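Trainee: Could you pick a single part of this model and go through it closely with me? I'd like to see how its side chains pair up, and then how that part sits among the rest of the chain.

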Amino acid sequence: QTEAIFTSSTTWPQSCAVAEAAFFRHVATHAQEDSFHLRCMQACACILVGYNFSAYKLKTVVLHLLAGTPLESWHKSILHQRMDDIVQYLRRFLEEKHLDHFLTGNEAVPAEIVFPQGFEVARLLSLFQHLVQEPANHVWVLCEFKKLQDRLMRLLTYG
C-alpha cells in the first residue's frame, strides 16, 4: 500500500524529465555545432536568482521557443535576440495567465520521444493556473517580471 501512494507521484515528474531530456537530445542532434540554446537557458536561470520565477517555468518557455523556431537561429551571434525572445515569450504567457506544460498536447514534440502510458490523453496543464485563481498575485508577478526584464536588458547591454 505504501508503494501505491508514492508510485503515482514519482512517476509523473520522472517521466517528464526523461521526455524533456529526450527532446534536448533531439535538439542537440539536429542543431548546428555552435548552437547556444543551453547557454541561453543557463543565463536566464542565473538571472532568475532573487526573483519569484521558477527555473522549471523558464525551462518550459525555452522548450516552447526551441520547438517553434528554426534550430539554426540558436547561435552565439544572435544571443541578444534569443534572450529577448525568451523574455517576450515569458511576458506573453504571463499576460495570458497561461503556460502549457511543454509535453502535454504539444504537436511540436518529435514523434520519437516516448511518453508514459496515458500521457497523450492527459488533461492540459497550465503552469500559470495560480495566476487565474488569484488576480492580485497576477499583478504582483507582472511587476516582478518588469524588474526581471529590466535586469536582463541591463546585463545584455552593459555585461
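Mentor: Happy to! Let's begin with Glu-95 and Arg-91, whose side chains meet in a salt bridge with an N to O distance of 3.0 Å; the term asks for a side-chain nitrogen of Lys or Arg within 4 Å of a carboxyl oxygen of Asp or Glu. Before going on, bear in mind that this is a predicted model, in which local features need pLDDT of at least 70 and side-chain atom pairs count only at pLDDT 80 or more, while totals for chains, interfaces and linings use all residues. Residues are numbered from 1 along each chain as its sequence is written, and side-chain values use heavy atoms, with hydrogens and water left out.

Both partners belong to helix α4, residues 79-96, where they are 4 residues apart, about one turn of the helix. Helices here are DSSP runs of H or I with at least four residues, strands are E runs of at least two, and both are numbered from the N terminus. Glu-95 is partly exposed at a relative accessible area of 45%, and Arg-91 is partly exposed too, at 28%. The scale calls a residue buried under 20% relative accessible area, exposed over 50% and partly exposed in between, using a 1.4 Å probe and protein chains only.

Searching the whole structure gives 3 aromatic pairs. One of them joins Tyr-89 and Phe-93, edge-to-face, with 5.9 Å from centre to centre and 80° between the planes. For such a pair, the ring centres of Phe, Tyr or Trp (its six-membered ring) must lie within 6.5 Å; planes under 30 degrees apart count as stacked, over 60 as edge-to-face and the rest as tilted. Tyr-89 and Phe-93 are again 4 residues apart in helix α4, about one turn.

Which residue has its charged end over the ring of Phe-93? That is Arg-92, 4.7 Å from the ring centre. Arg-92 also lies over the face of Tyr-89, at 5.2 Å from that ring's centre. Sitting over a ring requires NZ of Lys or CZ of Arg within 6 Å of the ring centre and within 35 degrees of the ring normal.

As for neighbours, the axes of helix α2 (residues 37-47) and α4 come within 10 Å and cross at roughly 55°. That makes α2 oblique to α4, since angles under 35 degrees count as roughly parallel, over 145 as roughly antiparallel, 65 to 115 as roughly perpendicular and the rest as oblique. The axes are lines fitted to C-alpha atoms, for helices over the stretch in contact, with angles from 0 to 180 degrees between N-to-C directions.

Finally, the wider setting. The chain has 6 helices and 0 strands, and buried residues make up 39% of its 159 residues. The salt bridges number 6. Among them is the one between Glu-20 and Lys-59, at 2.6 Å from N to O. Glu-20 lies in helix α1 (residues 2-30) and Lys-59 in helix α3 (residues 55-68), so this pair ties together parts that are 39 residues apart in sequence. Glu-20 is buried, at 4% relative accessible area. Another salt bridge links Asp-150 and Lys-146, at 3.0 Å from N to O; these two sit 4 residues apart in helix α6 (residues 135-158), about one helical turn. Elsewhere, Phe-23, Phe-24 and Phe-102 form one aromatic cluster.
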